[in-house]
Amino acid sequence: MEKPVWIFLLFCFFSGPFMAAAVAAQKKTYVVHMAKYQMPQTFEHHLHWYDASLKSVSDTADMIYAYKTVVHGFSTRLTAEEAQRLEAQPGVLAVVPEMRYELHTTRTPQFLGLDKNADLYPESTSTSEVIIGVLDTGVWPESKSFDDTGLGPVPSSWKGECESGTNFSASNCNRKLIGARFFSKGYEATLGPIDESKESRSPRDDDGHGTHTATTAAGSVVENASLFGYASGTARGMAARARVAAYKVCWAGGCFSSDILAAIEKAVEDNVNVLSMSLGGGISDYYKDSVASGAFAAMEKGILISCSAGNAGPSPYSLSNTSPWITTVGAGTLDRDFPAYVSIGDGKNFSGVSLYRGKSLPGTLLPFIYAANASNSANGNLCMTGTLIPEKVAGKVVFCDRGVNPRVQKGAVVKAAGGIGMVLANTAANGEELVADSHLLPASAVGQKSGDIIRKYLISDPKPTVTILFEGTKLGIEPSPVVAAFSSRGPNSITPQVLKPDIIAPGVNILAGWSKAVGPSGLPIDERRVDFNIISGTSMSCPHVSGLAALIKGAHLDWSPAAIRSALMTTAYTAYKNGQKIQDIATGKPSTPFDHGAGHVDPVSALNPGLVYDLTVDDYLDFLCALNYTSSQINSLARRDYTCDSGKKYSVNNLNYPSFAVVFDGVLGGGSSGSSVVKHTRTLTNVGSPGTYKVSISSETKLVKISVEPESLSFTKANEKKSYTVTFTTATGSSAPPSAEGFGRIEWTDGKHVVGSPIAFSWT
């Protein structure tokens, strides 16, 4: 029987929207890299060519962003099939799926020695000409750390602007916060319009993270700063007279690569000198990584890019931001702590930490319960939302295990269930690392060893009791620094021959400016508002290095980004004043270059390094050729028609990096075939006075012989360059060590300067 026409028409009417919605749901955002130099002559402008290329595979797709500086191309929403067809079009170098990146969430200047050596840095003049661009969650412009008192006019080099939006206008900028922009098109293309009742569609920071990182890098001097009296003193950024430009790329749902690329592009055009990015995503090849792509173009313009290493430690191969044109920063501790002692009913006392400020617990011992015994949930020990039984928790201090949900949220869960306090215990994943938090109820965080003892007491004692005593701020903690357990570790999973992280800097319990839109715990229920907050992460160590790079840039305006990084790396320290090596809190043992890179930053020494390992754009292109990248892959980064020289022998080992990552294949010595030999060549540039530098070599393994030729380098003038070769030879027929890694160090000294480079050996 023939169907009526109206049924067919209804089917067409309804199926059209449904089909369109289904297709839209299948679409994803892609960043399209174009070979701009291959544009057909029939097009008057590259944007017309981009649009025509896009329309050839999709009638409905629009460009989200068109990029012209840091990449040549555009971002758009496509189905997987459309993306595949677009990549086959002439002039299309690559179609890369968008990545979602995540944030790597007063005493620091003294700890780094900047207070005693302020006269070494020309703060009042050239540093105030340096502009630090911060890609993050935006900025709270009313923060005292953005006071522009005493600063001269905005640098004439500045080409940026102060964008208006929700709760933000051009008048929010000043001579300190000289620019602010926001980038949301990529975010909104994926997740829909921003809910302006919950977050500002503007540069305003509703999260706190962006204000914290910006003020860590370049906050103005603020006296009597503290968080509820903790860490009280004078707060100042690393480069207190540098200018700040904020680029908001991170929103409630994350930071999207199409927005990040657009922000880097604007920052380059705006003429920033340093880019600080405390964010990271998955690990991918450099030409697929939007941060790496944008950073390459920024590096070409003479901009130093500082990025956080990530908070996925202490697992090996856990690094983000591993490209050699990025300065990758891990985290260490300060010599400051916030003790909160836990006393249990059997008389034992344990040292913990806390930033709680409010009504304290009574001095008497109080009822104590293990969360796992106050829950019907399989993971009740973790104090996750809705897992605690109020009748069992009310009026008691609750013992919670760390993991899965945020530390401060566990306290909020305990409080909501009627608990009066919390002891938060580390598990094996965090070991003895103690991170202080601004809890909503009396709480202390203890290490794994203490936690295990307390847990046994709770299980064995029929009527367990406890109290917590808060001791405020304690200085002079030793040893310090130690490498933070959360700080991501090497080796470098993309290019094992490039040692990462580059350096560590303070990243634990850091005081800096905060947003008034959110409480110090970051929880929605936290109604407290503060001017400064104390938080931890490689997100905090990254802006330390960004600010220090600005100081060095101010003192040496002609130095390249590679020279500035080299100065920071070769002057970093790896041992305490007593000669003992910097500890790794995750193991309780000495840290290695896979943990701390070149060591802990020493900005006073970095100002006068003597020699530097410099790098040019061509050096990085040679590096990409050594990786056997295709022309399309290289040109995605280079943005020009570049071809590797088929007659030239390229080697990753010859990248002029300030550190050495030596990779041997298989069995040491190759079994019966004899010893394995790996050679690295380096070139040093004199940035100090004339002198002769002599080399010294140290190694922690006898399995590898190290020789340097020549053993001395004489420099007679500034900017003179001298090269040397290091030969690493394994013992014939030996087996690889059980750990498949080893470490050493090369130092050049003229009696005044020590130019140090770490060595990491690994066997594959």
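**Cysteines, then helices**

I looked up Cys162 to begin with, and its relative accessibility is 15%, so it counts as buried. Buried here means under 20% relative accessible area, exposed means over 50%, and partly exposed is in between, with a 1.4 Å probe and protein chains only.

Ground rules before I go on: this is a predicted model, where local features need pLDDT of at least 70, side-chain atom pairs count only at pLDDT 80 or more, and totals for chains, interfaces and linings use all residues. Residues are numbered from 1 along each chain as its sequence is written, and side-chain values use heavy atoms, leaving out hydrogens and water.

**Entry: the disulfides**

How many disulfides are in the whole structure? My search turned up 4, a disulfide being a pair of cysteine sulfur atoms within 2.5 Å. Counting bonded cysteines along the chain, I get the pattern 1-2, 3-4, 5-6, 7-8.

Cys162 is bonded to Cys173, S to S 1.9 Å. I noted 75° about that S-S bond, which is right-handed. Both cysteines sit in the loop between strand E6 (131-136) and strand E7 (177-182), so the link ties together parts that are 11 residues apart in sequence. For these labels, helices (H or I, at least four residues) and strands (E, at least two) are DSSP runs, numbered from the N terminus. Cys173 has 16% relative accessibility, so I put it down as buried.

Next I checked Cys250 and Cys255, whose sulfur atoms are 2.1 Å apart in a disulfide. Their link is right-handed too, with 105° about the S-S bond. I marked Cys250 and Cys255 as buried.

Then came Cys625 and Cys644, a disulfide with its sulfur atoms 2.0 Å apart. This link is left-handed, at -95°. Cys625 lies in helix H16 (residues 617-626) and Cys644 in the loop between helix H17 (631-638) and strand E33 (660-664), so the pair ties together parts that are 19 residues apart in sequence. Is Cys625 buried or exposed? It is buried, at 6% relative accessibility. Cys644 is partly exposed, with a relative accessible area of 23%.

Cys542 is in no disulfide either, and its nearest cysteine sulfur is that of Cys307. I found 0% relative accessibility for Cys542 as well, so it is buried.

**Entry: H16 against H17**

I went back to H16, which packs on H17 at about 155°, with the axes 10 Å apart. Axes are lines fitted to C-alpha atoms, for helices over the stretch in contact, and angles run from 0 to 180 degrees between N-to-C directions. H16 and H17 are therefore roughly antiparallel; the cut-offs are under 35 degrees for roughly parallel, over 145 for roughly antiparallel, 65 to 115 for roughly perpendicular, and oblique for the rest. The contact (heavy atoms within 4.5 Å) is made by Leu621, Leu624 and Cys625 of H16 and Ile634, Leu637 and Ala638 of H17.

**Entry: H12**

Last, I checked helix H12 (residues 538-555). At 1.5 Å a residue its 18 residues should span 26 Å, and its end C-alpha atoms are 26 Å apart, so the two agree. The expected span is 1.5 Å times one less than the number of residues. I also noted that H12 is mostly covered, with 17 of its 18 residues buried.
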